[in-house]
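Me: Hi! Could we go through this structure together, one question at a time?

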Amino acid sequence: MRRSEDYRLLLGAGTFTDDLQIPRTLHAAFVRSPYAHARITAIDVERALALPGVVAVFTGEDLAKLTEPGVTAQAGAEPMVMETLPTRKVRFNGDPVACVVAVDRYVAEDAIELVEVDYEPLAPVLSMESAAAPDAPLVDEDLSSNLHTRQTRTFGDVVSAFAEADEIVEVRFSTQRMTHVPIETRGVLAVWDAGRMELTFYSGQQTAHLLRTNLARRLRLDENQVRVISPDVGGAFGQKIPLFREELTVAALAIKLRRPIKWIEDRLENLTVANHARDDSAWIRAAVTKDGRILGIKAELWADYGAYAFFTPKYPIDSVGWLLPGPYKLQNYEYSINVVITNKCPAGTLRAPMALVTWATEGMVERIARQLKIDPVEVRRRNMITSRDQPYVSATGYSYEALTPWEGYEQMLRDFDLTGFRAEQRAARANDRYLGVGIASVLEPTTYGSAWYKKSGRGSGHEAATVKVEPSGAVNVSVGIVPTGQGYETTIAQVVAEALGTRVGNVNVLLGDTSIAPYGMGTRGSRGAAAGNAVAYLAATEARAKVLRIAAHLVGEPIDNLEIRDDQIYVLGEPEPRLPLSQASWTAYMDPSALPAGELPGLEIHRTYDPPAMTFSNATHLCVAEVERRTGRVEILDYRVIEDAGTLINPAIVDGQIRGGVSLGIGQALLEEVVYDELGNNQTATFLDYLIPTIDTVPNIQISHVQTPNPHTVLGLKGMAEGPVQGGLAAVMIAVQDALDGKGITIDRSPASPSRIRALFRAVEGDLDE
Amino acid sequence: MAGGQSLVPLMNMRLATPRHLIDLKNVAGLSDIAMSETSVTIGSMARQRQIELSPAIRRACPILAEATTHIAHFQIRQRGTIGGSIAHADPAAELPLIALLLDARIVVRAADRKRSIPARDFFVSTFVTALDESEVIETVVLPRLSSGEGWAFEEFARRHGDFALAGVAATVTLTGGRYSGARLAMSGVAATPVVLPMAERLLGEEPSRALYRAVAAAATADLTPESDIHATGEDRRDIACHLTEIALAAATERALHSTDRSAG
Amino acid sequence: MTAMRRVRFQINGQSVEQDVAPRLLLSDFLRDVLGFTGTHVGCEQGACGACTILLNGEAVRSCLMFAVQVNGATVLTIEGVSPDGTSLHPIQRAFHENHGLQCGFCTPGFVMSACALLKENPAPTESEIRTQLSGNLCRCTGYESIVQSVLQAARDLESAGGQSAGKADSHAG
């Protein structure tokens, strides 16, 4: 099934936020801090205001009068309060300190340079170690320490596991700071209807309703005074979730000035100030027996969360923690998480916030095999969860069911000639060529139900849909999930058509407008299928039931004797339809007296659905890579994925998620890195310095699917989208390590950039090469 | 402004804010390409794409055509010019490297005068050239490669089209199986592209892997490239050394091939 | 304020005459003044390729040019690729049939670059496609489906006898 979204996008007729044009719109630009850490001592806006075309300049003091501060609460830690724009001090290079509103973006940018801000520079806090030091300057002076989160969780009997171990295997893995890089940057067009006292907030967003709730509170408006419309969105990857300060500022000023205001972030801003992620590290010790059984593990996990909290600080690194046992039988486990606040761009949830985890778990298993001199395949055979072991409750309390990690691994070993590869690898090594293979088993948490949110703090994981069969039989559907490229308009139309017995082309899907869509939790994690599509299917199933009740009454047959196919209602066994679906819908609206007794008029269904606490998908990734000793270049020669995402609605879309996700994983493994200098200046502000994968750096990926339905979800859906990122990072990094095996080289930080590889080789080469 | 492919991004980021900008596009004759017995004269506004696709340049100065294909991406080369690239003088750029290797002459013009600057005197430092504020480049005159001269252009970039971490260009001539001429230049290893006199060590020698290794090691031993976020100076030197070996081998291969062909 | 300059040029088959500020970028002119919002701006650094258009038949970055520079030129944007504005050109159709887009923001740039690539090289190899399109960034697809889209477009255009299947070809020529 091809995508219905494509037509408008291919014709150049899509509507992204910046494509919206409304008369009298003003344009905003932000004055940003050149310092990583400094006190604001004075702001002089007079020269900027004097520039023709400038309408207003607002500072943090102004915004404090117009808005409420943001508060991020996390159980067991101090709440973090964030002003709309800082009034006292700036906390990272690029922190916004004032907003200029002008007749166009060019003038607004001219005026930025005329706003004079006096700063008193402070010592910046730029690393986990220095942030956690007892005498470190406080990044957030309302906190008692930069070490914001510190907690330990213990499962099973870790002490005995370590006491009984034959060996302790110790590994460290760190991932670099990254950023999301949607090709469409952030942006907003805020329109205040002064007559109705209503704000319309056009902005590409993943969680439109949650944003509306937050926006109304911060603007001191009632929730029914705010409408969020997320038009076409040019990618998000977890970036377009929170209410950012720039967006809130623009909304507040649109109300204040009674003029539409547009702000479209430029790329420099997107790379340096929007939101970062992945600045994580893991130190893991595994207690193992001589024959390679894992008795228990202890992990100390750290995250550098940057200057402010747009999400609960523990969220991404904690997901590494509770997932670390992965697809392995392991009940004795202890992990601690440590989250520091630093003078860097705030971090958040980049597609697969737990990305480090698969590399960490599988990297640990590889190291166990090497240290014990056992074949890594054997170590996995002795520890990995098979379908016979399920249902299986993980050390951290998650229920695994209908997962196929061991089966996927075995299939990969059948498809890929590992023995032949080892021979090729040895032969290549004799010619100073370094080949490696990495196989990574991915356990991907996909759909988080409200039970999960309750246990983890607060929030809900339910989703909502409306299905309206209009009088003519045309179907309008909406769901609370918001598409940012996933093809939801297509897949939702598919499941609704299937449930209702109509054609896909008869189903119109309208998403992203809080005045049309029912209140849902939006797009995050991998919940599109098992929450978003599932609830649409359930709503359509209810609509179908009502259509059948009406039809049964109209044709005088029992309901169980009827079916709907291609918009026609058939009596089972009859070749010709009895009546069109539209006759039932028409009756529902236009002739209610003809409805069965007790049946209410209309054919509009609203349905909510709360999926299980957690669902998982699994996959096996294989990467063959070559490391070029002389230059440090890593080239991917072969990449394969076996994916078990349960029932697939649209395999082409799932393949697209796999390819895109692996691509992001490859970007993390080889290319991307946010770099700060010793003063805290961001050094990667352009696409020439922050390198995302290009068409020549991502290989073709061979994909095969196994479909093991989840017994507890609608249609057996599991969902997927983040696992390919986890697998991409892990498979490439493990392949690189494998290529370097025997050279005394350990690669424990991503990316495996030419510079990092060269440095590792230089350390063991000495002057041999000269 | 020539093609604007380096300047306009800087203006968009407000890192450059020229008060006046003159588009040289409409100056007649500035984009012509002319061939003579000994040289190729290219107007400064000749676009990189025009150079890369010119059969005459591919014959007369193939190393220039090859190097040009490594500049950024084809949409950029569609606008980017030879004069713009040489005047911009990015130490990692391809065209300054070729200009230096071949000791091109940069013909520059002010309102009332004209002068010709050898490439070895033209590149002063990073983004700094011998051009004064009143001058623009009119033409770039490159010598043709002689028949039988082997050439190679090698660079290492993290992705296709990125600025190279290092680049190497070489030409060699062999007579009777021994090197009778050689030129070697590198980009990305200093504030300007540099010519490596070590190429002279090839003269009179027979081609061999060991020779390439020795020359490459000697050529790069004293380099002290700058470090940046993509590579340390050491990385650049290591990579330049590797590229030099490859370039010498490839240039020699071409020289031998063309000698065979002319002999056959 | 610097005086406005008049530009006259052809865009998607129409003549346009307009006064523009000298510093107005071509991309902003196309989008904000002329309303051709299918040309997307992804970086203004010349690096992402989303703003690629055809200028006199050649693919260029519209974010690296000023509106005043198109005086006398012929411009084709994504809106002019379809033969009639409503049906898909073979290149667009190939992207649709190969799932060559997800969020669609980079897509106009890829389609315009593919137009230029296929005009110059009607039967590119996969490797040539990967080299030539390396100046267009996509964060969603992982690119393979884009490679397949361009390969199919090349086949479809060839089997259509190399005939112009849409405006893209005639204007690009």
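**Salt bridges and the interface**

Reply: Happy to. Eight salt bridges are counted between chain A and chain B, a salt bridge being a side-chain nitrogen of Lys or Arg within 4 Å of a carboxyl oxygen of Asp or Glu. This is a predicted model, where local features need pLDDT of at least 70, side-chain atom pairs count only at pLDDT 80 or more, and totals for chains, interfaces and linings use all residues. Residues are numbered from 1 along each chain as written, chains are lettered from A in the order written, and side-chain values use heavy atoms, without hydrogens and water.

Me: Which residue forms a salt bridge with B:R14?

Reply: The closest N and O atoms of the pair are 3.0 Å apart. The partner in chain A is A:E109.

Me: What area is buried between chain A and chain B?

Reply: Buried area is the accessible area (1.4 Å probe) that two parts lose on being put together, summed over both. Carbon and sulfur atoms give 51% of it here. The total is about 2300 Å².

Me: Which residues of chain A lose the most area to chain B?

Reply: Three residues together make up 26% of what that side buries. They are A:R630, A:R633 and A:R762.

Me: How do helix 17 and helix 18 of chain A lie, roughly parallel or roughly perpendicular?

Reply: Helices are DSSP runs (H or I, at least four residues), numbered from the N terminus. Their axes, lines fitted to C-alpha atoms over the stretch in contact, with angles from 0 to 180 degrees between N-to-C directions, come within 9 Å and cross at roughly 95°. Angles of 65 to 115 degrees count as roughly perpendicular, so helix 17 of chain A is to helix 18 of chain A roughly perpendicular.

Technical notes
Helices (H or I, at least four residues) and strands (E, at least two) are DSSP runs, numbered from the N terminus. Angles under 35 degrees count as roughly parallel, over 145 as roughly antiparallel, 65 to 115 as roughly perpendicular and the rest as oblique.
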